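Dear colleague,

Please find the structure below, followed by an account of what was found in it.

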Amino acid sequence: MEEKIINCSTIREKEDLHRLFRETLCFPDWYGNNLDALYDCLTDYSGTVRILDWENAENQLGSYGKKAKKVITAAALHNADLYLYI
């Protein structure tokens, strides 16, 4: 199983976060660039995802970054086929 790496060091806005996840994990065209869509896609994803420099995302995005982390970890808890490392 291939490991996908999402490097959050370049995130400045929430759009950057969604673009990184969408492009790296090849989310479908219907991906809505919001936290609900992120959760939906991650709960359907099968594979290993390593997220680097998450601290930058939280620093840049503030409360949105904290919410995003909760969404990402919740999706990993509900999806036995998603192996997540933050």
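By about how many helical turns are Arg 19 and Asp 16 separated in helix α1? Being three residues apart in that helix, they are separated by about one turn. This is a predicted model, in which local features need pLDDT of at least 70 and side-chain atom pairs count only at pLDDT 80 or more, while totals for chains, interfaces and linings use all residues. Residues are numbered from 1 along each chain as its sequence is written, and side-chain values use heavy atoms, with hydrogens and water left out.

The structure holds three salt bridges (a side-chain nitrogen of Lys or Arg within 4 Å of a carboxyl oxygen of Asp or Glu). Arg 19 meets Asp 16 in one of them, at 3.9 Å from N to O. Asp 16 is buried, with a relative accessible area of 17% (buried means under 20%, exposed over 50%, partly exposed in between, with a 1.4 Å probe and protein chains only). Arg 19 is partly exposed, at 29%.

Arg 50 and Glu 3 also meet in a salt bridge (3.1 Å, N to O). This pair links distant parts of the chain, 47 residues apart, with Arg 50 in strand β2 and Glu 3 in strand β1 (helices, H or I of at least four residues, and strands, E of at least two, are DSSP runs numbered from the N terminus).

Yours sincerely
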